[in-house]
Amino acid sequence: MMRIRLTILLAFFGLCLALVIYRLFYWQVIRGPALANEAKYQHEDSSTVLAPRGSILAADGTWLAASTQAWLLYLEKPDIKESPRSVANKLAPLLIDDKKDLMADAQRIEGLLTKEGSIWISVKHKVTTEVKKNIVALAIAGVGFSEEDTRYYPEASSSAQVLGFVGKNKEGEDTGYFGLEGYYNLSLSGKAGLTQREADARGAPILFGSSKEIKAVGGVDIQTNIDKVIQTVVEKRLKAAIENYGASAGNVTIMDPKTGAILAMASYPSYDPANYSQYKDSDYKNPIISDSFEPGSIIKPLVMAAGLDAGVVKPETKCDVCGEPLKVDKYKIETWDGKYRADQTMLEVIAHSDNVGMSFVGQKLGIEKLYDYLDKYGFGKLTGIDLQGEQNPGLRKKGTWNVVDLVTTTFGQGIAITPIQMIKAMSAIANGGRPVKPVVAAKIIKEGWEDKVKTEMDEPVISKKAASEITAMMKAAVKEGEAKWAVPNGYSIAGKTGTAQIPVAGHYDPTKTIASFIGFAPAENPKFIMLVSLREPKTSQWGSETAAPLWFDIARDLFPYLGIQPQN
């Protein structure tokens, strides 16, 4: 009997030992790695080291956008000694600009403090150093600050749609949106760092504990081609013109046709990128790269240049259908002024902006050739400009055009383009036949090195001879056209006005137009090419009476600044 009891007891202890061994194996082998990681997280304190965002600079090296020190204000509830209402009433007056929002913000902070389950509370991002000092002076227990960057735009709304802005993404990280901030976001952001250290249960660092640090890599600086003087002139003149002519919107782009450098780019209405949340989403979009329009007569030099290059017309070629309206299919092509000039030359067609004469050129070219030239000019393709948000309205598919599409395209109706596409296409004429890619950034800079942005040119679209011939025609259009009263005396300017009716619900509204003028100067060796567009000007629908005077006003300021002398 004793032996049986002893056997049972030994078996019991053996079973217990087996269970202990099994549990030890389970915890140390099977669950060991996971538990080790949990233990590591319990006694290891880690924090992200933010990388400073790179600056965006003007051509002269001064700031257009920069990062400055700011703070995240937070509260740690276990350390707070005062009532939630008392803390809220002390903080709210220092955190708002508009006193009307004082009560609402105090209630918000009090609500955060009384919410169950929250120990660490984020109160407000982007607190300035001055506000931080005022809060620290209150000596409220439980208040803390964590350093973070905030974006500073010293020129306020100037160049806003070129720059874009910095906001929060879904993960709460600073991210660039639109313009340069969006296009170069990865380069400007840099790479965040990390610090890890062993800590005790209270979170205090262990004196001889292990530590690890990965340094943050700051973002690069982007120096642009934007000339602050030119940009200021453009924005001032554009705003005044919109007010004077009663236009609903407008934009101006100035580019160096030899390098593609964007010297100025302005649109109105605009916004302040430092306070982007106070504006409508539509204000962020840059219409120069994102909005399409029917160009109207400013496309005529491009079509005429194609005809000259293809050899189907010469400057002295006479239009034998220009004495009356031209019937095409079931439509009649008429001149804009109701005047018909029989046997006028191609030079006169451009000078008079004659729709019938341009239809004549289109018919000589034919659908296939015209389409190929438009494609080579860059219509139907992104220009590749280094701004986030560029759109491409596209060309109708080749092979789907009819005879009506052919002739209406020659005077800028039935084709949709963006202003930046128009600037690039016109650079082919200003640059001896080769379009140049527009570019805002001049160089990328980072602590001791810089990388210049290279000029990129497309293959020639037209010959130098054709470019020279159409330039002479555009000079004549400036001297003899409807806007000759506004032309600065003595300067060599090649340009063309345009007035395009805005399509509304499947038809054209004759009372709503986009008035434009595009040109370059000096005509023989251009230092700039400029496109001006005004939407729905009320004083006059014609580009010759609104957009052209604005173009010449800006040009008068540019001539002495760029060292352009009058020829006589």
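Visitor: Are Phe528 and Trp551 buried or exposed?

Guide: Buried means under 20% relative accessible area, exposed over 50% and partly exposed in between, with a 1.4 Å probe and protein chains only. Both Phe528 and Trp551 are buried. The model is a predicted one, in which local features need pLDDT of at least 70, side-chain atom pairs count only at pLDDT 80 or more, and totals for chains, interfaces and linings use all residues. Residues are numbered from 1 along each chain as its sequence is written, and side-chain values use heavy atoms, with hydrogens and water left out.

Visitor: What does the secondary structure of the protein chain come to, and what percentage of its residues count as buried?

Guide: Helices (H or I, at least four residues) and strands (E, at least two) are DSSP runs, numbered from the N terminus. The protein chain has 19 helices and 19 strands. Of its 568 residues, 47% count as buried. Accessible areas come from the Shrake-Rupley method with a 1.4 Å probe, and for residues only the protein chains shown count as cover. The accessible surface of the chain is about 28400 Å², and carbon and sulfur atoms hold 53% of that.

Visitor: What share of the contacts with a separation of 6 or more comes from residues 24 or more positions apart?

Guide: Contact means heavy atoms within 4.5 Å. Among contacts in the protein chain with a separation of 6 or more, 71% are between residues 24 or more positions apart.

Visitor: How many aromatic pairs does a search of the whole structure find?

Guide: Rings of Phe, Tyr and Trp (its six-membered ring) pair if their centres lie within 6.5 Å; planes under 30 degrees apart count as stacked, over 60 as edge-to-face and the rest as tilted. The search finds 19 aromatic pairs. One of them joins Phe165 and Phe178, a tilted pair at 6.0 Å centre to centre with 35° between the planes. Phe165 lies in strand 6 (residues 165-168) and Phe178 in the loop between strand 7 (174-177) and helix 7 (179-183), so the pair ties together parts 13 residues apart in sequence. Phe165 is buried at 5% relative accessible area, whereas Phe178 is partly exposed at 28%. Phe528 and Trp551 also make a tilted pair, 5.8 Å centre to centre and 35° between the planes. This pair links distant parts of the chain, with Phe528 in strand 19 (residues 528-535) and Trp551 in helix 19 (residues 547-561), 23 residues apart.

Visitor: Which residue lies over the face of Trp401?

Guide: A charge sits over a ring if NZ of Lys or CZ of Arg is within 6 Å of the ring centre and within 35 degrees of the ring normal. Arg396 lies over the face of Trp401, 4.7 Å from the ring centre. Lys376 is placed over the face of Tyr373, at 4.8 Å from the ring centre.

Visitor: How many residues does helix 19 have, and what does it reach from its first C-alpha to its last?

Guide: The expected span of a helix is 1.5 Å times one less than its number of residues. Helix 19 has 15 residues and reaches 22 Å, close to the 21 Å expected. Its buried residues include Leu550, Trp551, Ile554 and Leu558. An α-helix has 3.6 residues a turn, so residues three or four places apart point the same way. Just after helix 19, Gly563 takes a positive phi of about 75°.

Visitor: Which residues touch the most other members of the largest nonpolar core?

Guide: A nonpolar core is a set of buried Ala, Val, Leu, Ile, Met, Phe, Trp, Tyr and Cys residues joined through side-chain atoms within 4.5 Å. In the largest, of 90 residues, they are Met304, Tyr377 and Phe379. Helix 17 (residues 419-430) supplies the largest share of this core, eight residues. Another core, of 36 residues, lies apart from it and has Val234, Ile493, Trp551 and Ile564 among its members.

Visitor: Where does the backbone have a cis peptide bond or a positive phi in a residue other than glycine?

Guide: Most residues other than glycine have a negative phi, and most peptide bonds are trans. The bond from Tyr268 to Pro269 is cis, with omega near 5°, and Pro269 is in the loop between strand 12 (262-268) and helix 10 (281-284). Ala521 and Pro522 are also joined by a cis peptide bond, with omega about -15°. Ala139 has a positive phi near 55° and is exposed at 63% relative accessibility. Ser353 has a positive phi of about 50°, but is buried at 9% relative accessible area.
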